[in-house]
Amino acid sequence: MLKKIAVATAAAALGATLVAAPATAAPANPGAACVQSGIGFLKGDDGALLRAAAQKQIDYSTLADPVNGPIFTSLEPESNLSLGQVVKLHTKAPSVFAWCR
């Protein structure tokens, strides 16, 4: 339980850090801009997806479709990746995410 709280707290801090910059000040690093957009997608209206992502409760295979996206790749069912893994993918392969294109 403490691990889940720590992950959720870290995710919230990461999200707050990445979205704290003014909208006009886009990060110079395209990977950082992609991460910022991804956190924005997960925050949505109420932040429920961000909380679920921090707890590895999102099956990213349900969002993955090589043709229609929003994640343009194939993933195995039950791809409950950690938030850190997803952030790393945003920096290494931004073109995989619709919000980074």
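Reader: Which residues of α4 are buried?
Author: Welcome! This is a predicted model, in which local features need pLDDT of at least 70 and side-chain atom pairs pLDDT 80 or more, while totals for chains, interfaces and linings use all residues. Residues are numbered from 1 along each chain as its sequence is written, and side-chain values use heavy atoms, leaving out hydrogens and water. With buried set at under 20% relative accessible area, exposed at over 50% and partly exposed in between (1.4 Å probe, protein chains only), the buried residues of α4 are L83, V86, V87 and H90.

Reader: Within what arc do they fall, seen down the axis of α4?
Author: An α-helix has 3.6 residues a turn, so residues three or four places apart point the same way. The arc is taken from the directions from the helix axis to the C-beta atoms. The buried residues of α4 line one face of the helix, because they fall within an arc of 100°.

Reader: And which exposed residues sit on the face turned away from that buried side of α4?
Author: Here we look at the face of α4 turned away from its buried side. The exposed residues carried there are K88 and K92.

Reader: How many helices does the protein chain have?
Author: Helices (H or I, at least four residues) and strands (E, at least two) are DSSP runs, numbered from the N terminus. The pattern along the sequence reads α-α-α-α. There are 0 strands, and the number of helices is 4.

Reader: How far apart in sequence are the parts tied together by F41 and W99?
Author: Rings of Phe, Tyr and Trp (its six-membered ring) pair if their centres lie within 6.5 Å, and count as stacked under 30 degrees between planes, edge-to-face over 60 and tilted otherwise. F41 and W99 are stacked, at 4.2 Å centre to centre and 15° between the planes. Since F41 lies in α2 and W99 in the segment after α4, the pair ties together parts whose separation in sequence is 58 residues.

Reader: Which residue lies over the face of F72?
Author: A charge counts as over a ring if NZ of Lys or CZ of Arg is within 6 Å of the ring centre and within 35 degrees of the ring normal. At 3.8 Å from the ring centre of F72, the residue is R101.
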